[in-house]
Amino acid sequence: MSNSRHWPLNGFLSVVKDFGSSSSSMGWRKVFVDYSRKEVPDDEDLPCFRDVKSRRYLVGGSPSPLPLPLPLPRSTRSEDGSVFVHDPRHFPGAKSFGFLDFVKWRRNVVATPRPTKDELLRLKGFPVDHTKLGSQLPRGDLQATFLGHASMVLRVGEHCVLFDPVLSRRCSPSQWVGPERLQECPLKLEDLTVAVDVVCISHNHYDHLDASTVLEVAKRFKPVFFVPLGLAKWFRKLGIRNVVELDWTEQVNLQTPGKGGGLLLTCLPCQHFTSRGVRDRNRTLWCSWIVQGEGKTFYFGGDTGFCESIFKGIGEAFGPIDLAAIPIGAYGHETERWFMKPVHMNCEEAVKCHVLLKSRQSIGIHWGTFQLTAEPVLEPPRLLASEMRKGDLNPFCVLEHGETRSFS
């Protein structure tokens, strides 16, 4: 097969530095927001059957057991307030790239190798086992189903949470052009035997947020969508009203009638950027997520560069974490690593993240589905296994596309 170059559709990769805003703080007063739900006219008739009981920023003291000061920042904006930026105190590895850097990247990166027939066979995966996915969980277990790239289903007790669902053939503004799946999508929503209660979105890139998938999920299950700041407007343009926007360290207690003790969802910082076009860079926030329920804690990394103090702070605040989903791919070939490093971890960094989070068990995500960068498509799980052999560490594995596994 011939080689080809990948041309990204999310705008050229960039992470901007702080422009001097001082809105981020290591310690802050307790903030409670009255979030009594009010019905909003809804063109798509998508009512929300869940009740957001409380909404607040994380601080020490009741009802949060976290000590003060919390070692995690809230989001920071540029001086004119138009875009989100990285505070260099918390994100020393974040960098700002311009158009000339983009040109340099495209000129110097090696051609992206097309997967061989053998590699495609090994990546094939299998359709989701709906009997297993819909089975009753032993008390205290978490169940994860890998749908490819960063898309996954998490079951916590009687609750079902969907993360960054992209079930389309391409992660692109158009299904005619752009990065294409290397295997069939393992899940058809019409076959899903468990109702989706919650959808968590990490950011707005096309490989993490797909309009057709989101609309189908909304119409079929009427879940609550949790998104980082600035992204609710995009959902409302689609006619979806049951959306909750959160800032970093903001936390929501969600109760679903008839489904037990509810879920505690926390929006957390990570090192990335956002854009869906050429003029909207960082106008919405990016994030990672913590989901807590049934006495268990799950971390979803979404898409992030390595940020030691942030991962350490999450581990201190929430660890030990029972299960973590950590990105391990799209770090790039060595000829493009300088450009990808601020926004995508390699496997060595992913293992460091696993340790800093105090994760008891981790799953590698963000690999093997869409070929976004020039590293060999099967390299991430191989390098992850190599890194794990270097020390006596808690388990860190990858799942097959479509695989469902329970974690005690």
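**Close-up views of a predicted model**

**Figure 1. Ring pairs tie F97, F99, F102, W105, W338 and F339 together into a cluster.** Keep in mind as you look around that this is a predicted model. How many aromatic pairs does the structure hold? The count is 15. W105, one of the cluster members, also has a charged neighbour: R106 lies over its face, at 4.6 Å from the ring centre.

**Figure 2. Here the charged end of R276 sits over the ring of Y206.** How far is the charged end of R276 from the centre of that ring? The distance is 3.9 Å.

**Figure 3. This view looks into the second largest cavity, with a volume of about 110 Å³.** Of its 14 lining residues, the ones closest to the centre are A330, G368, F370, L372 and E375. Sort the whole lining by class and you get seven nonpolar, six polar and one charged residues. Zoom out, and the structure holds three cavities of 30 Å³ or more.

**Figure 4. T284 is a loop residue, found between β12 (263-268) and β13 (288-293).** Is T284 buried or exposed? T284 counts as buried because its relative accessible area is 11%, and the cut-off for buried is under 20%. Its side chain has a partner too: the side chain of N204, with a polar contact at 3.3 Å.

**Figure 5. G319 and P320 are joined by a cis peptide bond.** The omega angle here is about -5°. That's worth a second look, because most peptide bonds are trans. Where does P320 lie? You'll find P320 in the loop between α6 (308-318) and β15 (323-327).

**Figure 6. T249 has a positive phi, near 70°, and is not a glycine.** Why point this out? Most residues other than glycine have a negative phi. T249 sits in the loop between β10 (243-246) and β11 (250-255).

Figure 7. Look for H366 in the loop between β16 (362-365) and α9 (379-388). Is H366 buried or exposed? With a relative accessible area of 1%, H366 is buried.

Technical notes:
Residues numbered from 1 in each chain as written. Predicted model: local features only at pLDDT ≥ 70, side-chain atom pairs only at ≥ 80, totals over all residues. Heavy atoms only, no water. 1 Å grid on protein atoms, 1.4 Å probe; cavity = no way out; pocket = protein on both sides within 12 Å on 5 of 7 lines; lining within 4 Å. Points joined across faces, edges and corners; volume = space filled by probe spheres on them. Nonpolar A, V, L, I, M, F, W, Y, C, P; charged D, E, K, R; others polar. Phe/Tyr/Trp six-rings, centres within 6.5 Å; stacked < 30°, edge-to-face > 60°. Lys NZ or Arg CZ within 6 Å of the ring centre and 35° of its normal. Helix = DSSP H or I, 4+ residues; strand = E, 2+ residues; numbered from the N terminus. Buried < 20%, exposed > 50% of the residue type's maximum accessible area, 1.4 Å probe, protein only. Polar contact = N/O pair within 3.5 Å; in protein donor to acceptor, adjacent residues only side chain to side chain.
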